[in-house]
Each structure stands twice: as C-alpha cells, then as structure tokens.
Amino acid sequence: MTSTRLLNIYTGGFLVFMFAPLVLMIVSSFNNMSPPSVTEWHGFTGKWYAFFWMEEGSLRADPILRSLDRDRFVGCFGNSLFIASIVVPLSLLLGLSGAILLTRWRSRANGVLWWVLLSPMLAPGIVLGLSALVFWGRLGVNAGMFTIVMAQTTFIAGYPMLILMARLQRQPVELEEAALDLGASPFRVFRRLTLPYLAPALMSAAVIAFMASMENYNTTMFAKGGACTFATEIGAMARNPNGHPPVINSVGTVIILLTVIAAAAHTFLSRREAKP
Amino acid sequence: MHGKDVTLDGVAITYPNGFTAVHPTNLKVEAGEFFSILGPSGCGKTTILRAVSGFVDPSQGKVLIGGDDQQGIGPNTRPTALIFQNLALFPLMSVWENVAFGLEARGASKAERRKKALELLDLVALRDQADKKPQELSGGQRQRVAIARALAVEPSVLLLDEPLSALDLKLRQHMRAELRDIQKKTGVTFIYITHDQGEALTMSDRIAVMNAGVVEQVGAPDEVYNAPATAFVASFVGEVNQFKGRIVEIREDGLAVIETVAGVLVGKNPKGLTTGDAAILFVRPEQVQPGQHLTNQFTGQVMRRDLEGAFINYEITIREGAQLVMHTTNTGDGVGVGAELSVGFQGNGGIILPEGQLARTGRELAA
Amino acid sequence: MKSLLNGFGRTLTIVFFVAVLVWGLVLIILPQLTMLERAATAPKRQLDSSIALSLRRDARTCVSVLDAYTVNPAENGASNTGLSIPSVSGMALPSPSGMAVPSSSTMTGPKAKASAEVVNRPYILQCDRASTHKQLVREDSVAKLWLDEAYDVETLSVEAADPIAVQKQTAEKIALIADDLYLQMKQAEAAAFPYTTGNFGKLFAARLIPLSPAQKDIEDAKLSKQLYGLIGLRFERDGQIYERIGLVTLTRTISFALMATTLALLLCYPVAYKVALASTPERAVWLFMGLVIPYAIVELMRVYAWTTIVDNQGLLNGVLTGLGMIADPIQFKRMPATVFVVIVYTYVLFMVFPIFNVMSTLDKNQIEAAKDLGASTVRTHRRIIIPHSKPGIAVGCIATFMLAAGAFSVPRIISRGLQSEWFSQTIYNKFFESENSNVGAAYSFTYTLVCFVIVGLFMWLMRTRLKDFARVQ
C-alpha cells in the first residue's frame, strides 16, 4: 500500500515539475509588469495579448510596447508558416518513400539505408543546419529560407518515416496481394488500399512534421542566414539579457491553450473510436 | 464460368536464400476438379499455390493454365483467384465493395459492380450484409465474402490456401460442404491447400500428398487412404500402427512376411519388396479387431482406453516395447484398462512399404 | 526489387527510389561530405598565396594612391586628415579593381604615426603594409616565419622617407614580386595535397589561461579542474596554466549530457511504470494527457518559461529575498546547474514516451503471474518489467542523450552567454562570430562522430538494433 502511495505522490510531483514553469509563464502574461514577473503583481492586464492587434497609435503610446517591432514578428511567423508548408509535404513524400523501401525492399542495401535515413534524427540538430549551410553555400545558394527548408526536411522526414513504417508493418502483405490477384494494377492497389490504409498515419505524421518545423530552433539557427522564423525570433527576444516584455509569455500562453485543446480533442476522439 | 486445367511441368522453386521449397514436380489438375494438396506445414504446398497464382516464379519448369504457358504473366492478369489463409479482406471497404473490387479494377461502372456483387452475395447467402464492414461479420460470413470476392472476377481456377483453418470445428465442417457445393455449382477448378487430412479426404476429387518439396502420391481419397504409395503417405494420412523391420519371406499369395519388434507379421506387398529389404508394416487401427485365429494374432494388456462416443480407442501392449492401437465401434461391452485381450489383423489388413521418412507423430510435434 | 515492382508498379517504384536517393544523397550524405571537406581544408586566409595576394593588392593600391597624390597634391594636402587614416571603402580610391580597401589592421599604429611626421606625404596604410618582410601564418607559431626569408626574395618596403617617385617604383617592384610569388604559390598549392588535419588539431590546442596566484589556488581546488588535469586537458608549464579549451568544452558537454540522461532515466522510469502498468485505464488516459501536453508545447516556450523562475527578478530570487535569506539576487543564469536542470526539464519527456510505449505492451498478467509465484516488487521489476522495456529504455536514453548533447536553445537562452559554453555554442561562434568555418566544420564533425560513437557503444551494450526505433515510436 505504501509503495503505491509513494508512486502516486512521486507521479504527482513529476507532473507539478512539468507544469509549474508553464503555469508561471501564463500567470506572468497577465501581470502588468515588464520584464515578466510573478513575485511582484502590478495589476491584471491583457495588453501583452492586445499587442498583436492594437492600433498603431496606442502601440506608440505605450512606453514598453513601442520598442517592439510587431511587423517583423508577424513577418517571421509568416516565414515559419511558409517554410512548414513546404517542409511538411516534402517530408511526407520522403518519409513515405523511405518507409516503403525499408519495409518492402528486401535487399542487402537495407541495413545501410536504415543507418543513412535515421542518422539525421540521431545527429545533433545544429550539425544538420550547418551542413546544409555549407553544402548549399558551396553550390552557390545563400543561406535563407531555402537552406532552412532543406535542413529541416533532412531530419523531419524521419518522423513520417517511422510513423508510416510502424503502420506499414502492421498491414498484412496479403491485402495487397489479394488486390493484385483480383486484377488491380499496382497503382490502383496503392491508391485504393495502401493510401487509405495509411491515411490516419499520414495525418498524424503531417501534424507532427508541422509542429517540428514550427518549433525547430537548433537546426534553423544555423541555416537561416538573414532570414528569421517564429522560433528564432522568440529565441532572440528571450535572450534579451535585460528581460523582455511579457509579449512572449502571451504567445506561449496561446500555444499552451492550443496544445491543450488539441490534446484533449485527440484523446476524446481516439477514445470514441476505441469504443465501437 | 468454366474451369480450366492446370499443369505443372517440371516446376521447381528455389528461394534466393538457397532453400529449395519445391523439387521438380509434374502435376496435372483436370478442369472442373476439386483438387487438394495435402502436407505438413513447410512442405512447399503454399509455394506451389503461389507459383500457380503468379506471386512466385518457378526457378525451373512451366506453369500452364488451360494449356497456356503463364511465364511472365503477373498475378493480376492470370485467370486465377486466390483465397488467402487470413482471407485478406480489405478492412476499409464495405462487404459489397470488397466483392466488387475485382470488377472495379476491370473498369466496370458502379451500378454494374453493385449489381454483380449483390448477385454473388446471394450465392453465398450474404446479401443482407452487403453494406457492413468485414470486421462486423462472423468468421463463417467473412469466409463466404472472400469466396464471393474471388468468384467475382470469374476465375477459371480458384486457389484456396487453408481458408478454413481459423474457424472452429462445427463451422469448419459446415463450410466443407458449402465449398464443395459452390464448386459443383460453378464448375470452377479448385486447388485447395490444407494440412488437415480430414478436409482433403471429405472434399476432394483427387489429392496430392506432399512432403519436403516432393509430391509423394496423387490419387483419389480412397486410394490415398487405403493404398498409400510411400511410408510418408501412410503415416501422414489417417492414424496408423507402424512396425519397422526386415522382410524375411515372400509368400506365394503375394503377401510378404516381415520380422519386427512385435513379432513376425504378414501384410500386403504392393511395392514388390524382396527378402532382406528394410521395410515398415502399416496397419490402420480400424483393421485391428478383437478375436482369435487371425493371421497376425497377439495377446496383450489394455494400457489405455479412450471413449470417443461411437468409437472406443484402445492402446494395447502386445510385447515389450510394442503397442497396438485398435478402434472398435462402441457396442457397450468394451473392456477396461488392465484387461487381457486377444487382438489381431488379417494378412491383407496390413501393408508393407519400403522404409522412408515418416510423418512426425503428435508426441514428436509436442517435443 | 522484384517484389517492389510487383507491389507498386514501375512508376511508383521509381518515385520512391528517386525520393529516397534525393533524401539520402542531397540532404544527408553530400552535405556531410562537404562539411568534412571544409573541415579538412586549411582556412583560406592562412595560405601563403593569400598573403602574397594581399601584398600585391596593398602594393598596387599604394601605387595608385601615390599616383592620385602626385597628380593633385594640393587637394590631397588639404584633406590631409581624411587621407591619413584610410579606413573603410567609403572613400573613392581610384584602385584598379575598384575593390574595397581591407580594413583589418595587423599593422602597428604608433610606428605609422612616427613616420608620417617626417615625410612629404600623408600616412597611407597600404604603402606601410607593402613590404616583402611579411609574416606567414603557421600552426606552430613559436618561431616567426617571414615571406622574404621563406621564399628567398628581396627584402623591400616602401619607405615614407624616400621621394615619392622612388616609393612608387619600390611599390611597383613589390607588386611584381608578389604577383610572381602568388602565381608560383598558387600552382604549388594546387599541386599539393589540399587537405590537412590542422583544423581538427585546433580542438586539442592548449591555450594559456592567465590567472593571478589567488585565482589559481581557487581554480586548482575545483574538482572539475582536477579531473581535467587527470585526463590531460589541463596542465601547468612554467607556473602557467594551460587548458585545451576545445576539448574541455566537448568533454564538459558530453559529461553533462550523460548525467542528464541518467537523471532523466531515473526520473522517468517510475512515471512510465505508473502510467503504463499501475493505473486504471480511466486514470491512465488523464495521466497520459498530463505528459503529452508539456511534450507537445513548443520546445522554446518550455525553455523560456524557466526564465520567469531563474531571472534576477524571477520567482526563486523573489521568494528568497522575500524570506530575507538573501539581499542581492543570486545570478542563477551564471550557474551551470541551471542549464543542467532546464536541459533535463526540456528533454525528460523524450525518455518517458519510448519507455511508456514499450511498457504498455507488457501483458499485465505476467506481472500478476510473477507476484503469484512469490516475486517481490523489486524482483518483478528486475526480471519481468525492465527486460521487457529494454528497447524503450535504450531508445529513450539515446534520444535524450543526443538532444542534451546537441542542446543549443537551452544554454543560449538560459545562460545568455554568461557562463561556459556548451559545445554547440562553440561551433556557432566559430561559424558566425569568429568566421572560422573550417575549424567550426572540424569541430562539428568531431562532435557528431563522438556522439555517434557513444550511441553506437551504448546500442552494442544494450543489444539494441536500429529497428527498435521504428517499433518504439
């Protein structure tokens, strides 16, 4: 009995450890004080959120907010979306191809292919960013959005690959053979059987690839050249040694909120699916 | 629908890893025949089936269907349809879409497909389940969907890879009759793979018994059961008592005398063995009977008695290290364990075959 | 190959192969090879030919500046101050190539000033630098090597005291010599083996650490410094302390990463066990969500959230000051332990999920059977649960280790440059701050290699195969 209680207390403690910094971040996003603090309460405010939509005039009037470059921030966020919109489909294509070759290609090259395709997921993120920078630089491409896309795709494609592979391994080969035997062309088999079968996995792979692309900092920092993304911009703001207005806290709070909603929706949906 | 004949002309199959699954084999399956290939797992029977359906290319020899060489023709264009052991129903399609899939691949319109699918579902008595998903059906129903799906492409040859093995006993027995019926109704050639001799014996027109990549015997069920051609066939098909020994005499009446641990025994000699040959005498438990004055006569003690309802199985020790199994009809006056019993079998009840590889017994399989 | 063709048809098979080829070659292998090439190439400006080239450039610029001066001395004289310190390229110098005047100054200021006072022309940087007695860059910079001596050419320099015409002549002569030397060297360098391990050697290079005796005593007493001494990363010569800075940072990073991994494993195992095996399904769903949410939140935000705690005006300092325990805020961001804790916090969940995923495939009946047969809790874990979860533990350890060792965001944001670098930061600085990408590439390559060797060793010890990654995810 006591060991069970101990385990419960420990698990609770672990969750507190995981959530405490997030809660503090949320609390300070409503504190009318810059840099963010939870120990000194200067009154409740929503202006760190309103920053993103308040009028130019009132923005300039605020002594703290006027020092921030809103357009740049929005621009960097747009860059991130643009990058993700290329990285995600590209990663799905590469990941799917890799998954199919690794699961269905019986060949001696298989072992080598495993190592090559999984190595970016094992390598430190910064190395991928650097090698993309150096490689494309040598081909005459300057660091920027393009190198970010290339560097991110290198390792992000591994996530869809692993997810799809797990699913492909669970699909009996007989299904495809049965369809072929019934006279379907390989392409039809792929379209009618394999893709629909993979659809849920492709969806979750796309979500994971999107999040990985949006949040990536380590690789992007090295490949970005003069470009900026959402993550590097947040990083730059957070690094400010004098502390930074709690605008980042408000962004973080929104992200946390979205994550909680998504996680809850996912849990709810998968539970409903499990109960037929 | 018309069945076509299937010919294996010297077909041998070796896998890339060097394992020879099928040694050179000649086999002819007649059009419209219910043909079974019977053998223990790993004997190469599934490989032959995959060679006929086109998933495996023979390393040597040719596969002919209706007289046409199938070399270079893929599984999707052969006049065959395969029913998989796990049925391989498409989980994301409804029952009727499963059945109509082959027609879809052939470019039929949706209305046409649905109509044909419902007809076939009628044939297997599943019309009311057409819009369900395969997972929602029972085992027997899924079985019938797989058959309807295979028949939808109007194959000349239907290949069945142990499709009943996942079902429970009662259902399996029912499905045997149903498969047999469908085969009669459609006239399609059935090639049925199984390791269950009961299935093979009850359904087939002819049976091929395979062991270790070699077809040991081809014949009608009675022939295979009553006149096995090799030691393996005798030991694999049905239950049998076996006594290893050496031929000591060839008698005038064509029977042979063999000396074994159970004594000197007399049996048929279909292979024309001569004195001194190493051989095995096989005798079916139902050939063994209680009584006196039989050609091969023993007295022994009942070690075990299993009541199987209509039958009683006795295991009798007839000599140090020699047991005899006897099946008798249950007439209500059987003896119990420990009783002394006079038993034996007639000279033409046993069959003497050259020594060879035997099928593994239950005890060996369990080891 | 045949099964692929049969299964997917020719078009799709080609698409798959091309995609994987592009991924493998263009995105993975070729970039790494380029990095290796970059790492094995001596930095450009260190080559003797580059020195000859810059000498030629200086001499020619000197000539053309002198030209301009002789054509219009009065005007130039008027703007004397303007010319006296020729700095950046903003000035319209009639240089033949129109190239910017190099602004980096290896030259000596006072000497230039001294000569400028004597002569009949203003001080011209390029003329001052136009001397064949130029120092060459060598790895072992103990003995100085000079261009004129090493290549046996005339020792010439533009003397400000000479008449302008003589100066021009000398400069032209120097330009010719330099040009000649440059072509010679270029040829020799092209013929020579272009690769060197010098950049990798930089990692091992020892650097003098200037310390006062008092500081030295403090430093010597530190355990970490003693350990460095033990493995040869720190040594004393002639009473001075030397450290192999690159290697020290690498060792420190890897050891921190290993410690973080161990701590994460210890923290996670009970949690994974609780969620996977010791909860009712109803509760497990909630606990699982409690783990997924922090896991799914943008990594940077989780790192940033800590600044609220460790800042000078942060929670910890606020509480401690409030309790009257301290007067001045503690500089948490200067403490390595802070980076360590935040790294564990950020990457700990990469340990939980692999273990959880494998653990939850364990048939709970096995645990009950073991208990039924009289096994204690410890024995059940040791004999049933841990062996079953081994692939998950291995994958979790590898993932956490690689993330921790490769961490960049955490030390960058938390420490804000106020404490010893993480190795990833060293590489960043080599590339983007000191612009020595060849050495940076060598560092980065070594870094990857060291990490892979550690992971490889670990996989071998744990009997893990790469395929476990696919199973565990």
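Buried means under 20% relative accessible area, exposed means over 50%, and partly exposed is what falls in between, with a 1.4 Å probe and protein chains only. By that rule A:Glu176 is buried, because its relative accessible area is 6%.

This is a predicted model, in which local features need pLDDT of at least 70 and side-chain atom pairs count only at pLDDT 80 or more, while totals for chains, interfaces and linings use all residues. Residues are numbered from 1 along each chain as its sequence is written, chains are lettered from A and ligands numbered from 1 in the order in which they are written, and side-chain values use heavy atoms, with hydrogens and water left out.

A:Glu176 has a charged partner. A:Arg104 forms a salt bridge with A:Glu176 (a side-chain nitrogen of Lys or Arg within 4 Å of a carboxyl oxygen of Asp or Glu), and their closest N and O atoms are 3.0 Å apart. A:Arg104 belongs to helix α4 of chain A and A:Glu176 to helix α9 (residues 173-181) of chain A, so the bridge ties together parts that are 72 residues apart in sequence. Helices (H or I, at least four residues) and strands (E, at least two) are DSSP runs, numbered from the N terminus. A:Arg104 is also buried, at 12% relative accessibility.

The structure holds 21 salt bridges over all chains. In chain B, B:Glu33 forms a salt bridge with B:Arg206, with 2.5 Å between the closest N and O atoms. B:Glu33 lies in the loop between β2 (20-29) and β3 (34-38) of chain B, and B:Arg206 lies in strand β9 (residues 206-211) of chain B, so this pair ties together parts that are 173 residues apart in sequence. B:Glu33 is buried, with a relative accessible area of 7%, whereas B:Arg206 is partly exposed, at 22%.

Chain C has a salt bridge between C:Arg129 and C:Asp58, whose closest N and O atoms are 3.1 Å apart. C:Arg129 sits in helix α6 (residues 125-129) of chain C and C:Asp58 in helix α2 (residues 48-71) of chain C, so the parts tied together are 71 residues apart in sequence. C:Arg129 is buried, with a relative accessible area of 9%, and C:Asp58 is buried, with 3%. A network of salt bridges links A:Arg188, A:Arg192 and B:Glu104.

The next topic is the aromatic rings. A pair of aromatic rings is described by the distance of the centres and the angle of the planes. Here rings of Phe, Tyr and Trp (its six-membered ring) pair if their centres lie within 6.5 Å, and planes under 30 degrees apart count as stacked, over 60 as edge-to-face and the rest as tilted. A search of the whole structure finds 35 aromatic pairs over all chains. One of them joins A:Phe77 and A:Phe230, edge-to-face, at 5.3 Å centre to centre and 85° between the planes. This pair links distant parts of the chain, with A:Phe77 in helix α4 (residues 70-104) of chain A and A:Phe230 in helix α12 (residues 230-238) of chain A, 153 residues apart. A:Phe77 is partly exposed, at 35% relative accessibility, and A:Phe230 is buried, at 6%.

In chain C, the ring centres of C:Phe288 and C:Phe353 are 5.7 Å apart and the planes are at 85°, so this pair is edge-to-face. C:Phe288 is in helix α13 (residues 281-296) of chain C and C:Phe353 in helix α18 (residues 349-359) of chain C, 65 residues apart, and the pair links distant parts of the chain. C:Phe288 is partly exposed, with a relative accessible area of 29%, and C:Phe353 is buried, with 9%.

One aromatic cluster is formed by A:Tyr217, A:Phe222, C:Phe408, C:Tyr428, C:Phe431 and C:Phe432. Between chain A and chain C, 91 residues of chain A are in contact (heavy atoms within 4.5 Å) with 94 residues of chain C. The buried area is the accessible area (1.4 Å probe) that two parts lose on being put together, summed over both. Between chain A and chain C this area is about 8,400 Å², of which carbon and sulfur atoms give 78%. The rule finds 1 salt bridge across the interface of chain A and chain C. A:Arg138 forms a salt bridge with C:Glu37, with the closest N and O atoms 2.1 Å apart. Helix α1 (residues 2-28) of chain A gives the most to the side of chain A that touches chain C, with 14 residues.
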